[in-house]
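These are my notebook entries on a structure that I had not examined before. I set down what I looked up, entry by entry.

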Amino acid sequence: IGTCGQPDWQNQTSPHGLGSYYFDGVNDCFRSANVVSSGDFNDILAEPDTTALWFKTNGAVTGEDYLVYWDGGGTCPTCDYYKIVLTNVGKVLFEYNNNLGSDITTCLSTKEYDDNQWYHVTAIREGPTFPNDDDCELYIHAASNGTQTDGITQSYDYSGTVEVNAAGNWYVG
């Protein structure tokens, strides 16, 4: 992803009448100032964990738009990663890789969400006692009435580590 442009703050634009940031979909984002690591507790190394966020698009998405992303950093930024993105067809993708590119866990929404409406997303990476070691859950609710529009659970059981060592930068937007 690299460098970021500054998103614009817009008052009273969120689903609850508060402000929200407007990201241009090109290069606006927030980026961690430093490379994150398990030593500073600013990474997503050990499971379980939950990431929740609100988002709204201004229409059709034509590329992969990052909502949140932790990269692997260094010489292999895609080795271990954790991301929640809108795909090029407007579906929400929650995906993480925890074994140098070979163990990819994926939850993909069934519906498209690039329709200029607010949605709440909850992405859960389950712990090792959930049926298997590398499970994901993805829940999406419409802000207009709170109705759940998607609920996806995927189960994977890869051998080896269950840690996502995304020791690069994190990004929002």
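**Entry 1: Strand β6 and its neighbours**

I began with a pairing: strand β5 (residues 65-70) and β6 run antiparallel and are joined over 5 bridges. I take strands as DSSP runs of E with at least two residues, and helices as runs of H or I with at least four residues, numbered from the N terminus. Two strands count as paired if DSSP finds at least two bridges between them.

I noted that this is a predicted model, in which local features need pLDDT of at least 70, side-chain atom pairs count only at pLDDT 80 or more, and totals for chains, interfaces and linings use all residues. Residues are numbered from 1 along each chain as its sequence is written, and side-chain values use heavy atoms, with hydrogens and water left out.

I then turned to strand β7 (residues 92-97), which is antiparallel to β6 and joined to it by 6 bridges. Lys83 of β6 stands opposite Tyr69, and its bridge partner in β7 is Glu95. The hairpin of β6 and β7 has 5 residues between the strands, and there I found Gly90 with a positive phi near 85°.

**Entry 2: Burial of β6**

Are the residues of β6 buried or exposed? I found 6 of the 6 residues of β6 (residues 81-86) buried, so the strand is largely enclosed by the rest of the structure. Buried means under 20% relative accessible area, exposed over 50%, and partly exposed in between (1.4 Å probe, protein chains only). Both faces are covered: Tyr81, Lys83 and Val85 are buried on one side, and Tyr82, Ile84 and Leu86 on the other.

**Entry 3: An open sheet**

I next traced an open sheet of 4 strands with antiparallel pairing, in the order β4-β9-β10-β11. Its edge strands, β4 (49-55) and β11 (148-154), each pair on one side only. Within it, β4 and strand β9 (residues 119-125) are antiparallel over 7 bridges. Leu53 has Val121 as its bridge partner in β9.

**Entry 4: The chain as a whole**

How many helices and strands does the protein chain have? I recorded 0 helices and 12 strands. Of the 173 residues in the protein chain, 42% are buried. Among contacts (heavy atoms within 4.5 Å) with a separation of 6 or more, residues 24 or more positions apart account for 57%. Lastly, I noted that the protein chain exposes about 8,700 Å², of which carbon and sulfur atoms supply 50%; accessible areas come from the Shrake-Rupley method with a 1.4 Å probe, and for residues only the protein chains shown count as cover.
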